[in-house]
Amino acid sequence: MRVCVIGTGYVGLVTGACLAHIGHDVICVDNNEEKVKLMKSGQSPIFEPGLSEIMQAAIQTGKIEFSTDLAAGVAHGEILFIAVGTPPLPTGESDTRYVEAVARGIGNHLNGGYKVIVNKSTVPIGSGDWVRMIVLDGIAERQKTLVTAGGVAEEERLPEIAYQFDVVSNPEFLREGSAVYDTFNPDRIVLGGNSQKAIALMKELYTPIVERQYAEDKSLPPVPVLATDLSSAEMIKYAANAFLATKISFINEVANICDRVGADVTQVAKGIGLDSRIGNKFLQAGIGWGGSCFPKDVSALIHTADDYGYEAQLLKSAVTVNERQRLIALEKLQQVLKILKGKTVGLLGLTFKPDTDDLRDAPALNLIEQLNRLGAKVKAYDPIVSQTGLRHGISGVLVETDAERLADGCDALVLVTEWQQFSTLDYAKMATLMTHPVIIDGRNYLDPETMVRAGFQYVGIGR
Ligand SMILES: NC(=O)c1ccc[n+]([C@@H]2O[C@H](COP(=O)([O-])OP(=O)(O)OC[C@H]3O[C@@H](n4cnc5c(N)ncnc54)[C@H](O)[C@@H]3O)[C@@H](O)[C@H]2O)c1
Ligand SMILES: O=c1ccn([C@@H]2O[C@H](COP(=O)(O)OP(=O)(O)O[C@H]3O[C@H](CO)[C@@H](O)[C@H](O)[C@H]3O)[C@@H](O)[C@H]2O)c(=O)[nH]1
């Protein structure tokens, strides 16, 4: 099928590349010229395991193209994905101006042929109908321009074109760091909309994925496809993220109680996770949730509830617990080192989770800010950020090129991100390079006994 994906970030580029990989003809449109240039040369502007490989293969087979030209993308695609960012506004609402610009642009360029316009961006509930309205506005704008220019013949065609599209909500559930894997191995596909024709086309688009043709385990039953109304699909996305974030806040609260009573949250998580009603996923206690999705999506849902005069108390508490948790490493550093002024703290990891280069709303950034405020010097080593360096433009931290340089002269280390390579570092050597061999394991990632044998004072979260 002919597909156009507008916005080539973590979601758009992965979606475009995966759809091209399974045989569709894809044009990826982005208004960032630098990005488009990079992608045309076969390079991915983001770090995501396996992405460059499928991107390059699709370029070779001619299944994917990259462009800044929205008109060409709209003309090409029978399915038009909107996958631009919806970052948080200071109020907690989601900033939908990029979605609006794209929807208007699609309206400006619609020129015959039936199109399915797909909201893949995470958008406030009610956005499906709003996008439809904006697209219609875009069509009307174009009509006005044509009338002004005297293009009467085309003007006559426009009202008919206006009704040749449907809007579908197809929320995305991929996780950064395993985005390609998640796209080929989804737990479910959600399609919201009231047009049978549009839903049928979307099902056709995803058939190879639904049939597990590209799955790791091809013997699994087909991927469940859930067809809903627009608002329910939009709500499913927010509810899923809010539930997962709340689950983490729950285990972090339990961890804080464990700390006080002397229990071990890793064992507690195992014990409750074996209950199939609870499940063992997302019970990893640590320094709180971050990233580009959970914080903004939970805030946006709280805001939506507020708009309807409903106070989302549970969600607000999940946020409050998380805000406190994001500073738990600081509390523990103060307990061990007492005064932080004049001390050097080394951070193992900066990104909000492993296997990504994404620093959006990363707990490390809070920690750096607070440590600087208290007069500590902050150094860091992160497998990706140390490689890409100042591209990320973080201030208040000296980014080292390896873990041993990081340890040199530190009064304490904080493991912020559980990068796999942090499980095999030469901690015994690192301990000898430090002023005080203390490690705060912000992800309960290391074995306490091994760390003590390596010469460290080990402090976990709730263990
Ligand atoms: N990142 C994730 O893991 C994830 C997962 C699920 C859903 N989502 C949702 O998907 C959406 C996209 O997130 P992301 O992380 O991929 O964002 P991103 O910031 O990485 O990418 C957005 C892209 O859109 C481009 N863009 C902005 N305005 C444009 C325009 N007018 N025309 C063309 N391109 C334009 C930007 O240049 C950028 O490349 C958000 O709504 C997000 O909440 C994200
Ligand atoms: O047991 C856990 C699991 C996660 N986290 C933290 O939670 C945050 C989010 O992690 P994760 O969900 O793995 O990453 P994201 O890429 O942000 O993915 C989430 O957000 C995406 C964007 O909406 C959704 O598509 C995904 O389904 C959803 O998992 C990170 O800070 C993790 O460190 C924990 O602290 N403990």
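Predicted model: local features only at pLDDT ≥ 70, side-chain atom pairs only at ≥ 80, totals over all residues.
Okay, let's start with a helix. The things that cover the buried residues of α3 include α1 (12–21), β3 (64–67) and α8 (179–184). And which residues of α3 are buried? In helix α3, which runs over residues 51–61, they are L51, I54, M55 and A58. Now look at how those four sit around the helix axis. They span an arc of only 105°, so they end up on the same side of α3.

How does the predictor score it? The average pLDDT of the protein chain is 95, and 96% of the residues reach at least 70. For the complex, the predictor reports an ipTM of 0.98 and a pTM of 0.96.

Okay, zooming out. The protein chain splits into domain 1 (2–228), domain 2 (237–324) and domain 3 (327–459). How far apart are the centres of domain 1 and domain 3? Going by C-alpha atoms, 39 Å. These two do touch: six residues of domain 1 and seven residues of domain 3 make up the contact. If you sort the domain 1 side of that contact by class, you get three nonpolar, two polar and one charged residues.

Next up, the ligand. Ligand 1 has 26 residues around it, and G7, G9, Y10, S121 and T122 are the closest.

Last stop, one single glycine. G128 is part of helix α6, which covers residues 127–149. Is G128 buried or exposed? G128 has 24 C-beta neighbours inside 10 Å, so G128 counts as buried.

Who are its partners, then? If we skip neighbours within four places in sequence, G128 is in contact with N119, V167, S169, G192, L230 and E234. Here's one more pair to find on the screen: G128 and S231 are 103 residues apart along the chain, yet 7.5 Å separates their C-alpha atoms.

Notes. Residues numbered from 1 in each chain as written. Chains lettered and ligands numbered in written order. Domains from an automatic or database assignment. Nonpolar A, V, L, I, M, F, W, Y, C, P; charged D, E, K, R; others polar. Near = placed C-beta within 6 Å. pLDDT = per-residue confidence, 0-100. Buried ≥ 20, exposed ≤ 12 C-beta atoms within 10 Å, placed from the backbone. Helix = DSSP H or I, 4+ residues; strand = E, 2+ residues; numbered from the N terminus. Arc of directions from axis to C-beta.
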